[in-house]
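Please open the model in your viewer and keep the selection panel at hand. The stops below are meant to be followed in order.

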Amino acid sequence: MSQPLIDPFERAISYLRVSVTDRCDFRCVYCMSENMTFLPKKELLTLEELDRLCSTFVRLGVQKLRITGGEPLVRRGIMTYFDAMSRHLESGALKELTLTTNGSQLEKYADDLAACGVKRINISLDTLDEAKFAEITRWGRLPQVIKGIDAAQKAGLRVKINTVALKGFNEDELFPLIDWCASRDMDLTFIEVMPMGDIGNENRLGQYWSLKDMRKTIGERFTMTDLAERTGGPARYIRLEETGQKIGFITPLTHNFCESCNRVRITCTGEIYTCLGQEGKSDLRAPLRAYPDTDFPLEEAIRAAIALKPKGHDFDYSRQELGGQMTRHMSHTGG
Ligand code: SAM
Ligand code: SF4
């Protein structure tokens, strides 16, 4: 293996998140505007380019690969890519191949994903109420997602539900969601809404439900034990002693998790973002396309980008202003 990727703050980069499309079959209100303009196809990395790029990262020490989007499973031919990545699992270079999905296409793809060596997936679901689901996703249908979750579990995939905490929207579903996940043996992680992209008329400060407040509410019904488990990201976990269930909290706005950050993100156009909360990016598509026969310039470009990884993010809601507001959409970097 080549020299591993270490950033200027001595953080080893072992986790790559790749957005394989900016498109989606939903239009979640906190993520996209109703009328999104998507990129022309020629801007996107081809499946072969995605393979070359990810394989280079694996050679440089990346051990965990998470595929995201947009909705990764609406990208045409995406199973070819998953199948290609499974060779790195077989060689042992890659420890985990996983994805974050809205679940809409899982009925179709769950078995194929399992066959490619995917063991765990994150499925995003903010409500168990059909009408509210239609409202929050604009285009989504809850029964289709539930069928997707059924298919994933049937295929033997371990499912974690990701729920964006939205004030006045799913506060009343806190315990129903916990109970539902417990009944299906699924982990559950709540995400604080982040200031990403222009999403039309939604008021983000109105949407913001602090997970600190949520923890307090959970504590009124359950005995909570903090778990030491860390993923190098913004998630913190507790165990509910009464049920044994694990609950995660992703709180980029109220906690600083940057010192242990082990990840970088690639967009579907081959830009590398070394911090979710900063605008800094570098282009990896140019060296990828300019040198089809050698990965050396690409490797150099990756090292140069990692050398610029910032120390941390600047998100801040504390003064009731959107400090550190990002102009790009979450679907661009894939969350
Ligand atoms: N389409 C897939 C999905 O929904 O799981 C993958 C991409 S989506 C951008 C990844 C995650 O980001 C989802 O769990 C979604 O709920 C979350 N997300 C999107 N916009 C967000 C925002 N503004 N704040 C917090 N989480 C957000
Ligand atoms: Fe699509 Fe996921 Fe964004 Fe919802 S959160 S619009 S499902 S990319």
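This is a predicted model: local features need pLDDT of at least 70, side-chain atom pairs count only at pLDDT 80 or more; totals for chains, interfaces and linings use all residues.

Residues are numbered from 1 along each chain as its sequence is written, chains are lettered from A and ligands numbered from 1 in the order in which they are written, and side-chain values use heavy atoms, with hydrogens and water left out.

**Ligand 1**

Select ligand 1 and its shell, that is, residues with a heavy atom within 4 Å of the ligand. The shell holds 18 residues, and the closest are Tyr30, Gly70, Glu71, Ser124 and Met194. By class there are 7 nonpolar, 8 polar and 3 charged residues; here Ala, Val, Leu, Ile, Met, Phe, Trp, Tyr, Cys and Pro count as nonpolar, Asp, Glu, Lys and Arg as charged, and the others, Gly among them, as polar.

Next, display the N and O atoms. A polar backbone atom of Gly70 is 3.0 Å from a nitrogen atom of ligand 1, and a polar side-chain atom of Glu71 lies 3.2 Å from a nitrogen atom of the ligand. At Thr101, a backbone N or O atom is 3.2 Å from an oxygen atom of ligand 1. Of the 550 Å² of accessible area (Shrake-Rupley method, 1.4 Å probe) that ligand 1 has on its own, the protein covers 95%.

**Ligand 2**

Select ligand 2. Around ligand 2 are Cys24, Phe26, Cys28, Cys31, Met32, Gly70 and Asn102. This shell divides into 5 nonpolar, 2 polar and no charged residues.

**A salt bridge**

Now select Asp295 and Arg52. The two form a salt bridge (a side-chain nitrogen of Lys or Arg within 4 Å of a carboxyl oxygen of Asp or Glu), with the closest N and O atoms 2.8 Å apart. Asp295 lies in the loop between helix H9 (285-290) and helix H10 (296-306), and Arg52 lies in helix H1 (residues 47-59), so the pair ties together parts that are 243 residues apart in sequence. Helices here are DSSP runs (H or I) of at least four residues, numbered from the N terminus. The structure holds 22 salt bridges.

Definitions and conventions: A polar contact is a pair of N or O atoms within 3.5 Å; within protein, one must be able to donate a hydrogen and the other to accept it, and residues adjacent in sequence count only if both atoms are side-chain atoms. Helices (H or I, at least four residues) and strands (E, at least two) are DSSP runs, numbered from the N terminus.
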